[in-house]
Amino acid sequence: MKFEKIRWGIIGCGDVTEVKSGPAFQKNKNSELVAVMRRTGELAKDYAQRHNVPKWYDDADALINDPDVDAVYIATPPSSHKEYTIKVAKAGKPVYVEKPMALNFAECNEMIAVCKAARVPLYVAYYRRALPRFVKIKELLVNKAIGDVRFVSTIQYQKASEDVLDSQNLPWRVQPELSGGGLFFDLASHTLDLLDFLLGPIKDVQGFTSNQAGYYRAEDIVTGTYRFESGIHGVGNWCFSAFEDVDVNEIVGSKGKITFSTFGNEPIVLTTTSGTEQWNFEAPQHVHQPLIETIVADLTGDSSQCPSTGVTGARTNWVMGEIS
């Protein structure tokens with residue numbers, strides 16, 4: 001399946017598409033955004049007008065079956081990812097779906113199978129795999145900058161956000177029937193997918209979850225331990241009702257360690273017996289753009305290099321499911 005230029009449609013043109021992803025489809029070579037859909041037509045129309053998109057819909061099926069749409073980006077909550085992925089695949093079009101890939105691992109496997117049967121590619125929006133700061137960490141690991149990797153630790157906690165304090169008007173991210181879990185599924189998925197990218201697949205998982213603050217039904221604290229196929233060990237602690245915001249990952253090896261954050265823009269720090277080195281990276285204006293470049297390259301035949309597929313995305317869902 002090769003194209004000269006990819007004409008994209010978006011299902012669910014909400015907040016994530018305003019800056020993070022939507023404009024990137026227009027700014028990539030051999031790519032353009034031609035249609036958007038939202039259940040509320042006026043909001044879809046408004047988005048289309050503001051972003052110079054020629055078509056808008058309030059019906060997903062109409063966008064999926066539009067002959068001018070070559071590929072579809074699904075930017076809805078996870079509860080509808082499987083449904084829309086199946087429809088797009090059966091229409092014979094490539095799928096780019098938001099993360100987490102689905103509500104659970106079983107749904108991920110259904111999506112992979114349907115896309116495989118339809119012979120269409122399936123990509124997942126774990127865009128950090130293509131960001132220069134994380135590609136640099138991968139390079140350091142490949143070049144044995146810290147020797148042989150022994151273990152990785154993650155500590156991520158934050159204050160309870162204002163939007164979870166109103167129990168009658170909770171965001172979809174803390175409603176398991178819409179998101180698959182709580183903020184662990186929404187946020188920790190980024191880190192767990194990064195670890196898969198940097199260190200390879202996780203083989204064994206154990207974990208504990210609790211709800212300590214009681215703002216919503218989903219878990220708000222998670223502790224996980226895991227072992228990678230390579231033999232590397234890992235441990236992660238995530239809490240979403242603490243007194244401050246902290247985001248630190250450390251990959252420790254036989255000759256040094258690499259310290260970095262998942263969500264912040266702090267420098268990457270390499271520490272060895274020789275001292276420390278650090279690298280700073282400017283976050284792209286549209287953080288999806290580097291990953292979308294790899295997808296467009298895949299689809300136009302320039303290369304086969306997208307690092308975030310249905311297979312890798314499903315592995316992250318499996319790990320989260322085993323922990324929680």
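Author: Buried means under 20% relative accessible area, exposed over 50%, and partly exposed in between (1.4 Å probe, protein chains only). The model is predicted, so local features need pLDDT of at least 70 and side-chain atom pairs pLDDT 80 or more, while totals for chains, interfaces and linings use all residues. Residues are numbered from 1 along each chain as its sequence is written, and side-chain values use heavy atoms, without hydrogens and water.

Reader: Is Asn30 buried, exposed or partly exposed?
Author: Find Asn30 in the loop between helix H2 (22-27) and strand S2 (31-37). Helices (H or I, at least four residues) and strands (E, at least two) are DSSP runs, numbered from the N terminus. The relative accessible area of Asn30 is 27%, so Asn30 is partly exposed.

Reader: What is the phi of Asn30 near?
Author: Asn30 is a residue other than glycine.

Reader: Is Arg119 buried or exposed?
Author: Look in the loop between H6 and strand S6 (122-124) for Arg119. Arg119 is not a glycine, yet it has a positive phi of about 60°. Its relative accessible area is 72%, so Arg119 is exposed.

Reader: Which loop holds Pro100?
Author: Start at the peptide bond from Lys99 to Pro100. That bond is cis, with omega near -15°. Pro100 sits in the loop between strand S5 (95-97) and helix H6 (105-118).

Reader: Is Leu299 buried or exposed?
Author: Leu299 belongs to helix H10 (residues 289-300). Its relative accessible area is 2%. That value is why Leu299 counts as buried.

Reader: What does Leu299 touch?
Author: Set aside residues up to four places away in sequence. Contact means heavy atoms within 4.5 Å. Leu299 then touches Met1, Lys2, Phe3, Ile6, Pro94, Pro121 and Tyr123.

Reader: How many Å apart in space are Leu299 and Thr154?
Author: In sequence, Leu299 and Thr154 are 145 residues apart. In space, C-alpha to C-alpha, the two are apart by 35 Å.

Reader: Which residues touch the most other members of the largest nonpolar core?
Author: Nonpolar side chains tend to be buried together in soluble globular proteins. A nonpolar core is a set of buried Ala, Val, Leu, Ile, Met, Phe, Trp, Tyr and Cys residues joined through side-chain atoms within 4.5 Å. The largest one here has 64 residues. Those touching the most other members are Trp8, Tyr96, Phe184 and Ile251.

Reader: Which element gives the most to this core?
Author: The largest nonpolar core has 64 residues. Of these, 10 residues come from the element that gives the most, H9.

Reader: How many residues has the other core?
Author: Another core lies apart from the largest one. Among its residues are Val69, Val97, Val124 and Ala314. Its size is 26 residues.

Reader: What is Ile251 in contact with?
Author: Ile251 is one of the residues that touch the most other members of the largest nonpolar core. Leave aside its neighbours within four places in sequence. Ile251 is then in contact with Ile137, Leu141, Ile146, Val149, Phe151, Val152, Leu198, Leu199, Gly256, Lys257, Ile258 and Phe260.
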